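Here is a short report for a reader meeting this model for the first time. Keep the sequence at hand while reading.

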Amino acid sequence: MEVVTKTLTYRDGDTTLHAYMAVPSNATAPLPGVLVGHTAIGLQEEFIYDRTKAVAELGYVGFALDMFGTGYLLSDPAEIKKHMDYFKQDRMNVRRRVRAAYECLRRQFEVDATRIAGIGYCFGGRVILDLARSGLPVRGVVSFHGVLDAPTLIDHPPILAKVIAFHGYRDPFSPKDDVDAFANEMESKGVDWQLHTYGGTYHGFTRPDKTEEVHLKAGFQTNVVAERRSWATTAAFLDEVFRSSNALL
């Protein structure tokens, strides 16, 4: 399926943010929209653009959100840490910024505002899970090798979305205690949730560029089988939440 892409800007308070949007070229009516959460280095990378276009190839509007507002890809470890600390120290910052993206997506004429979901990678997995934790009426969320820790907030609204987390058993960034806590959180809130754990699999398994020994030493490794399986499951999941499919997942 051919897709068309565009960039647009939106705001969170005084911060100007950038989005990358992909739409099926043959769209004739408003389509479900899927937010795409980026990794710790930011929006502006081909991996996130490709994932956003892949969403459009499924027949939806893909909307890669922007958590940083820098306008460029981060490479300086100190700058990455500054942004990570800002969102880790106060998770209300995550909730507020992802909500700004959610509202921007819903305003697009190509989008059916009643059918919104989200997917996210690494840091973006945390962002998308926090979208669900915010209580907004999203249909479903998917975390790929995401950070699973729950925020410590005063309010705990019900999670309305269906939830899937894809996790590598050897992922050092989501240790067993975090995985267990995530499962307990989902169970205690009565969420329709799934956890798919891939054996022998590390962080960043969906990324095609994590193939060198230096990546493995840092806890990253491409796994094409886990990537293929997780995307096939995601396609079926989005079909279910958007089209009321009877697919058994």
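This is a predicted model: local features need pLDDT of at least 70, side-chain atom pairs count only at pLDDT 80 or more; totals for chains, interfaces and linings use all residues.

Residues are numbered from 1 along each chain as its sequence is written, and side-chain values use heavy atoms, with hydrogens and water left out.

**Cores**

In soluble globular proteins, nonpolar side chains tend to be buried together. A nonpolar core here is a set of buried Ala, Val, Leu, Ile, Met, Phe, Trp, Tyr and Cys residues joined through side-chain atoms within 4.5 Å. Buried means under 20% relative accessible area, exposed over 50%, and partly exposed in between, with a 1.4 Å probe and protein chains only.

The largest nonpolar core has 44 residues. Y10, L35, F63, L65, L131 and V141 touch the most other members. Helix 3 (residues 91–107) gives the largest share of this core, seven residues. Helices (H or I, at least four residues) and strands (E, at least two) are DSSP runs, numbered from the N terminus. Apart from this core lies another, of 26 residues, among them Y20, A117, F205 and V241.

What does V141 touch, not counting residues up to four places away in sequence? Its partners include G118, I128, L131, I164 and F237. Contact means heavy atoms within 4.5 Å.

**Helix 5**

Helix 5 (residues 176–188) has 13 residues. It reaches 18 Å from its first C-alpha to its last, close to the 18 Å expected at 1.5 Å a residue. The expected span is 1.5 Å times one less than the number of residues.

V179, F182, A183, E185 and M186 are buried in helix 5. They cover an arc of only 160° around the axis, so they sit on the same side of helix 5. The arc is that of the directions from the helix axis to the C-beta atoms. Helix 4 (123–133), strand 7 (162–168) and strand 8 are included in what covers these buried residues. The face turned away from the buried side carries the exposed residues K176, D177, N184, E187 and S188. Just after helix 5, G190 takes a positive phi of about 65°.

**Single buried residues**

| Residue | Relative accessible area |
|---|---|
| T201 | 1% |
| T234 | 0% |
| C104 | 2% |
| C122 | 8% |
| H83 | 11% |

Where is T201 placed? It lies in the loop between strand 8 (193–198) and helix 6 (213–217). Leaving aside neighbours within four places in sequence, T201 is in contact with G168, Y169, R170, D171, N223 and A226. The side chain of T201 makes a polar contact with the side chain of N223 (3.1 Å). A polar contact is a pair of N or O atoms within 3.5 Å; within protein, one must be able to donate a hydrogen and the other to accept it, and residues adjacent in sequence count only if both atoms are side-chain atoms.

T234 is in helix 7 (residues 224–243). Its side chain reaches the backbone oxygen of S230 at 2.8 Å. Beyond neighbours within four places in sequence, T234 is in contact with I119, V142, F144 and F166.

H83 lies in helix 2 (residues 77–89). Not counting residues up to four places away in sequence, H83 touches F68, T70 and L74.

The structure holds zero disulfides. A disulfide is a pair of cysteine sulfur atoms within 2.5 Å.
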